[in-house]
Amino acid sequence: GSKADAWKKAMAEEAELAALRQIAEGGNAKAMTLLGAAYRYGKQGLKKDATQAFLWMKKAADLNMNEALCVCAIFYLTGFGVERSVSRGSSMLGMAAGQQSEQACFLLGIANEEGCLGFDKNPQEATRWYRKMQTCDRRNINEEVRERAAAWLREH
């Protein structure tokens with residue numbers, strides 16, 4: 001019945017989570033990022049936990065995992081799971097952008113366009129970061145986001 005199916009699903013989720021945690025604890029940056037995301041969104045049977053989300057993302061970011069650098073930067077810039085620090089957040093975004101991350105360049109563009117996340121409004125910087133997105137090797141955002149940046153560039 002449905003109770004048995006739910007139990008089987010919960011047991012499978014628990015086994016998956018245990019395996020993921022073991023791999024993350026073994027030093028795998030991708031597993032750390034996935035575990036951080038599970039805590040961030042309350043997935044894989046975990047309760048949402050901003051502090052644990054930050055801690056696992058930071059471990060992955062310390063291993064230079066680009067996706068984790070971007071997420072950790074946002075956590076610092078918004079104070080999600082960690083004390084807010086604009087300097088640490090912008091430093092991490094800069095590191096990710098330096099690794100050719102389209103996502104990081106977009107985040108720097110939007111922060112400068114809107115004057116948010118602790119950044120001053122600066123249209124010239126926004127334009128620079130949106131332009132840089134077009135040359136990034138690491139294509140890690142969706143078309144809708146690319147179009148938003150392209151629209152800015154057409155207008156400016």
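Trainee: Why is the crossing of H6 and H7 called left-handed?

Mentor: A crossing is left-handed if the near helix is turned anticlockwise from the far one by less than a right angle, and right-handed if clockwise. The crossing of H6 and H7 is of the left-handed kind. Please note that this is a predicted model, in which local features need pLDDT of at least 70, side-chain atom pairs count only at pLDDT 80 or more, and totals for chains, interfaces and linings use all residues. Residues are numbered from 1 along each chain as its sequence is written, and side-chain values use heavy atoms, with hydrogens and water left out.

Trainee: At what angle do H6 and helix H7 pack, and how far apart are their axes?

Mentor: The angle is about 165 degrees, and the axes are 8 Å apart. Axes are lines fitted to C-alpha atoms, for helices over the stretch in contact, and angles run from 0 to 180 degrees between N-to-C directions.

Trainee: Which residues of H6 and H7 meet?

Mentor: Among those in H6 are Glu102, Phe106 and Ile110, and among those in H7 are Pro123, Trp129 and Met133. Contact means heavy atoms within 4.5 Å. By class, the contact has 9 nonpolar, 2 polar and 4 charged residues. Here Ala, Val, Leu, Ile, Met, Phe, Trp, Tyr, Cys and Pro count as nonpolar, Asp, Glu, Lys and Arg as charged, and the others, Gly among them, as polar.

Trainee: What makes the pair Glu102 and Arg146 a salt bridge?

Mentor: A salt bridge is a side-chain nitrogen of Lys or Arg within 4 Å of a carboxyl oxygen of Asp or Glu. For Glu102 and Arg146 the distance from N to O is 2.5 Å, so the pair meets the definition. This pair links distant parts of the chain, with Glu102 in helix H6 (residues 102–114) and Arg146 in helix H8 (residues 143–155), 44 residues apart. Helices (H or I, at least four residues) and strands (E, at least two) are DSSP runs, numbered from the N terminus.

Trainee: How do you know that Glu102 is buried?

Mentor: Buried means under 20% relative accessible area, exposed over 50%, and partly exposed in between (1.4 Å probe, protein chains only). Glu102 has 1%, so Glu102 is buried. Arg146, at 18%, also counts as buried.

Trainee: Is Glu143 buried or exposed?

Mentor: Glu143 is exposed, because its relative accessible area is 55%. The side chain of Glu143 meets that of Arg146 in a salt bridge at 2.7 Å, N to O. Both residues lie in helix H8, 3 residues apart, about one turn of the helix.

Trainee: Why does Glu147 count as partly exposed?

Mentor: Its relative accessibility is 40%, so Glu147 falls in the middle class. Its salt-bridge partner is Arg154, at 2.5 Å from N to O. Arg154 is exposed, at 58%. Elsewhere, salt bridges that share partners join Glu102, Arg139, Glu143 and Arg146 into one network. The structure holds 9 salt bridges.

Trainee: What makes Gly36 count as buried?

Mentor: Its relative accessibility is 0%, and therefore Gly36 counts as buried. Gly36 is found in helix H2 (residues 29–41). Leaving aside neighbours within four places in sequence, Gly36 is in contact with Ala53, Trp56 and Met57.
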